[in-house]
Amino acid sequence: MNITLLVQFLALLEEMRTREEILPEFERLLDRCGFDFYGVVRQPKPHENPLRLLLAGRWPEAWPQIYIRKKYVVIDPTIRYLGHAQRGFRWRDTLVAFRSDPHRKRMESMMVEARNHGLFDGYIFPVHGRRGLMGNLTVGGRVVDLTPVELSLFDAIAKRLFWKLLELTDPEIMAELASRVEVQMTRREMEALNYLADGMTSNDIGKVLDISSHTVDWYMNGIQEKLKAKNRHHAVAIAFRLGLIS
């Protein structure tokens, strides 16, 4: 039953042109699939308020304010797991990945507080673009067991819904995020960048490439300039985000 509903919504989504058309249909779909709450949000940085990046959502009363006040975005295991995920996953499965994390107790407390507000379980579906992780769709509330096929269909819906809502909400940001990334790197710069990502120093890289450490530094300065990076660590982070290295 859910598979048919999900496929029908995907087809319908291609025809709808306004938020007023899209959101009521999407919320009806979630109701029929058994989900109480949802959010479509651009990816926040730790210091950003996720509510300001919300494209659409329906949450338990007071929960968003609690989430912001207690800065849960910094330790939320679902958000942290999201950074490495390529497809949708279940909320309750994320804590396993952080068994030894120093924030484990706070993560567990957050999950308990979420359940007290009716968020017993749910799923998150990442949305990626040319510049890395762009945002996500999260759905939850009551416990719902999705099949692998349903998970795949929700993944497809998340991507199409996110970009459509972003285009309708802020076309300028949409154009910026969807634009092509033009970074021209020489072979030597790409080699140096990959070795830097492996944790090598200028001396280490120089020995591997059979050049001086000063020459390596010269390459690094060029890389930072091309990526508009503040330092080497920043250059590596940007390169990962742009898909220049993996």
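**Figure 1. Surroundings of Q224 in the predicted model.** Q224 touches A229, K230, N231, R232 and A235, leaving aside residues up to four places away in sequence. The model shown here and in the other views is predicted. Q224 belongs to helix α10, which covers residues 213-227. With a relative accessibility of 17%, Q224 counts as buried, because the limit for that class is under 20%.

**Figure 2. The protein chain as a whole.** The secondary structure of the protein chain consists of 11 helices and five strands. Its C-alpha trace spans about 65 × 45 × 30 Å along the principal axes. The protein chain has 246 residues, of which 45% count as buried. Among contacts with a separation of 6 or more, 60% are between residues 24 or more positions apart. The protein chain exposes about 13700 Å², and carbon and sulfur atoms supply 52% of that area.

**Figure 3. The largest nonpolar core.** This core has 33 residues, and F26, F35 and F154 are those with the most contacts inside it. At least two residues each come from α1 (2-15), α2 (19-33), β1 (37-42), β2 (54-58), β4 (121-129), β5 (132-141) and α6 (148-169). Helix α6 gives the most to this core, with nine residues. F35 touches L30, R58, Y123, V139, G140, R142, V144, L146 and F154, not counting residues up to four places away in sequence. Apart from this core lies another, of 21 residues, including F37, V73, L95 and M110.

**Figure 4. Aromatic rings around Y123 and F125.** Across the whole structure, a search finds 12 aromatic pairs. In one of them, the ring centres of Y123 and F125 are 6.4 Å apart and the planes stand at 20 degrees, so this pair is stacked. Both Y123 and F125 are buried. Ring pairs also link F35, Y123, F125 and F154 into a cluster.

**Figure 5. L95 in its loop.** L95 lies in the loop between β3 (89-90) and α5 (104-116). Its relative accessibility is 15%, so L95 counts as buried. Not counting residues up to four places away in sequence, L95 touches P77, R104, M107, E108 and M111. L95 and D76 are 19 residues apart along the chain, and their C-alpha atoms are separated by 9.5 Å. L95 is also one of the residues of the 21-residue core.

**Figure 6. A nonpolar surface patch.** I3, V7 and V149 make a nonpolar surface patch of about 230 Å². V7 is found in helix α1. At 43% relative accessibility, V7 counts as partly exposed.

Figure 7. Side chains of opposite charge can pair when their charged atoms come close. The count for the structure comes to 16 salt bridges. In one of these, the side chains of K159 and D155 meet at 3.8 Å, N to O, which falls inside the 4 Å cut-off. Both residues lie in helix α6, four residues apart, about one turn of the helix. K159 counts as partly exposed at 32% relative accessibility, whereas D155 counts as buried at 11%. In helix α8 (residues 187-197), E191 and R188 are three residues apart, also about one turn of the helix. E191 forms a salt bridge with R188, with the closest N and O atoms 2.9 Å apart. E191 is partly exposed, with a relative accessible area of 24%, and R188 is partly exposed as well, at 23% relative accessibility.

Figure 8. The side chains of K226 and E189 meet in a salt bridge of 2.8 Å, N to O. K226 lies in helix α10 and E189 in helix α8, so the pair ties together parts that are 37 residues apart in sequence. K226 counts as partly exposed, at 35% relative accessibility. E189 is buried, with a relative accessible area of 8%.

Notes
Residues numbered from 1 in each chain as written. Predicted model: local features only at pLDDT ≥ 70, side-chain atom pairs only at ≥ 80, totals over all residues. Heavy atoms only, no water. Buried < 20%, exposed > 50% of the residue type's maximum accessible area, 1.4 Å probe, protein only. Contact = heavy atoms within 4.5 Å. Core = buried A, V, L, I, M, F, W, Y, C linked by side-chain atoms within 4.5 Å. Phe/Tyr/Trp six-rings, centres within 6.5 Å; stacked < 30°, edge-to-face > 60°. Patch = residues over 30% accessible without salt bridge, like charges linked within 9 Å, V, L, I, M, F, W, Y side chains within 5 Å. Areas by Shrake-Rupley, 256 points an atom, 1.4 Å probe, with all protein chains shown as cover.
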